[in-house]
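I then turned to charged pairs and the surface.

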Amino acid sequence: MDHKSARVSAKTPSSGDELKDVIKGLIKLSMLVIFLGYVFIWILMPTLIYRTKWLPVMRTEFGFSTYFGLAGLTLFMLMFPMLLLACLGCLYLHLKKQKTNNHLIREKATGRGVLAAMRRPMLVKGPLGIVSATELIFLAMFVALLLWNFFIYLRNAFPMITPQSAAKLHQKIWQAKLEAMAIRIGLVGNACLAFLFIPVVRGSSLLPVLGLTSESSIKYHIWLGHLLMTIFTVHGLCFVVYWASMHEISQMVTWSKTEMSNIAGEIALLSGLVMWATSYPSIRRRFFEVFFYSHYLYIIFMFFYVLHVGIAFCFIVLPGFYMFMVDRFLRFLQSRDNVRLLSARVLSSNTAELTFSKAKELMYNPTSTLFVNVPSISKLQWHPFTITSSSNLEPETLSIVIKSEGKWSTKLYKMLSTWDHDTDRTLSVSVEGPYGPVSTDFLRHDALVMVSGGSGITPFISIIRDLIAMSQTTTTCETPKITLVCAFKKASDIAMLDLILPSSGLKLSSDLNIQIEAFITKDNEPSDEETQKIRTVWFKPSPSDRPISAILGPNSWLWLAAILSSSFIIFLIVVGVMTRYYIYPIDQNKSKYNAASRSILYLLVLCVSIMMTSSAAVLWNKKKYKVEGSKQVQNVDVPSPTSSPSLWTDREIESTPKESLVQCTNLHFGERPDLKKILLDTKGSSVGVMICGPKKMRQEVANICSSGLAENLHFQSISFS
């Protein structure tokens, strides 16, 4: 088969598949129309047309004439469209998942054209990190939206301020303008808050539709966070200056029952400033635990933000936080179970591979991540690790690799490496996930060049294992040529190459074209055999342990859509009845509750509706798949810890399942990889370049791909931290 031609499916698409493609196209078109309408509302919001003509009419239709009071306008106009988008995204991903499971499809990736150029890195060095042209354009458009809102708000507000109007409030002209500007700055900041939580929704149905994952979208959360806190800080400082100039500094500690509560806003701002300060890279790297625990202040931030602006206004920014709350509660439910830890392969390079029992129904794609908690080390800390196993190659096990670098991972490695033969080897572990891409885009390329530094090799292990499975199970889908370039500091780190193949033993297929170039930068010769020992520790199962499984079962996207829609409907029904007959009784025109009480009541109903629907969905799936899970977790005889030499201590080994891996590997001691030469020499009309390593290595690869020296290079960076 010609390498430059598109690979064919493992199965010929049927008419049913063609219908699904049409439905998916219609769903994406509907989502685009809804999103453009949502953005149009944000553009129109500060204008006089909206505020003087549209707003009064809509307040009449959605506000006073409904069961939701003034909150009805923002509830239906700004919150409902985003939740509808999320539900449509779930349906789209469910149909896409079905097609991915039924067919192995490789679509042609071209190296030329506008779309290919838009995906290449445009900015490599700078505060934004590595940014593509597409990302830069969308960032510029979002900043333009913020500036548009700010200047239109001021243009409409300042002409209304006259000496007479200012004198009525005992203000000077500049004081009245300062107050007006402070209010409008706060309104502009709401646009950032509306999108702030969407990138950190791990089980998001919006990000995968755009080809993104929560891991790769963290930088968008960081950008939005910096913008948000800058705007809200200026908003707060403007009011402090205004109150000081008016000799009303006591306003800082007022808690209004009918209007905005100033002290609630200040508490929200202070909690946000703490999160902002501890999130800077230098502080986050040196004091990770401070950063980790301080970010729980988001609860305080959002709670007092709602009390500050009122429930009617907060529905403008609530959709993203609503999806985050659903995702967060599902993660909480999943983390309540202990998972079955089967074994640990302990390497001399301060590295360990943990292997868990997995439900057969759980499928995930390469480069997916798993969040792990070990209560004996810390009950609160959760750390993400790249999954190195393949659900196609290892249907009943799931593996992750942990490198001893921080305090948490160092404690775990010491615990694993000091277990002896007489120890009752049990370790309680909880997980969240896995989370990852919904499709394997690397199959689009003729060749793959995967560049890693140190433990950055772990996501590429999962890709190689998945390609091994593909080469063994199908003859009609050709796999791309693989070049793995890995750089290690010490010779002992070469043992990480042993993890490319599963511990059960597996020989590389002759159909898989793979070449490994391993560079050891600081050592000029191999380590002795004793330091290269690989020790396998087996763990005793507990009857309460469960195999890792999808929290919502195989049809997780449909269940997520059901949770989002049903929880929102329950919320609407309860709030509508409560508002009509309890908060605003029919025989009275006045509310029985102040603004803060109404906000707390709405939040309570929102949380309860999410908890009810999520718990029901999880319990249903647990009951349905409980029998299958219990069969996989049994009390079996646990072998004693065993040791075996690394493949890399003696190159002249006997024929083993891993001999083929040694034969396709070149070791380079005392050298650094010439990445420019390796990348430019790679043949193929489309070459996927994946990088997972330190910042300088990522920048070097990004520079090469964006230099224009080769138009067939497609850059993709995978999170190293």
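I first looked up α7 and α8, where α7 passes α8 in a left-handed crossing (left-handed if the near helix is turned anticlockwise from the far one by less than a right angle, right-handed if clockwise). Helices here are DSSP runs of H or I with at least four residues, numbered from the N terminus. The model is predicted: local features need pLDDT of at least 70, side-chain atom pairs count only at pLDDT 80 or more, and totals for chains, interfaces and linings use all residues. Residues are numbered from 1 along each chain as its sequence is written, and side-chain values use heavy atoms, without hydrogens and water.

The axes of α7 (residues 173–196) and α8 come within 8 Å and cross at roughly 160°. I took axes as lines fitted to C-alpha atoms over the stretch in contact, with angles from 0 to 180 degrees between N-to-C directions. α7 and α8 are therefore roughly antiparallel (angles over 145 degrees; under 35 is roughly parallel, 65 to 115 roughly perpendicular, the rest oblique).

I next examined α5 (residues 133–157) and α8 (residues 218–245), which pack at about 20° with axes 13 Å apart. They are therefore roughly parallel, and α5 passes α8 in a right-handed crossing. Among the residues in contact (heavy atoms within 4.5 Å), I noted L139 and F142 in α5, and W223 and L224 in α8.

I then counted 13 salt bridges (a side-chain nitrogen of Lys or Arg within 4 Å of a carboxyl oxygen of Asp or Glu). One joins R331 and D327 at 3.3 Å, N to O. Both residues lie in α14 (residues 318–335), 4 residues apart, about one turn of the helix.

Note on methods
Helix = DSSP H or I, 4+ residues; strand = E, 2+ residues; numbered from the N terminus.
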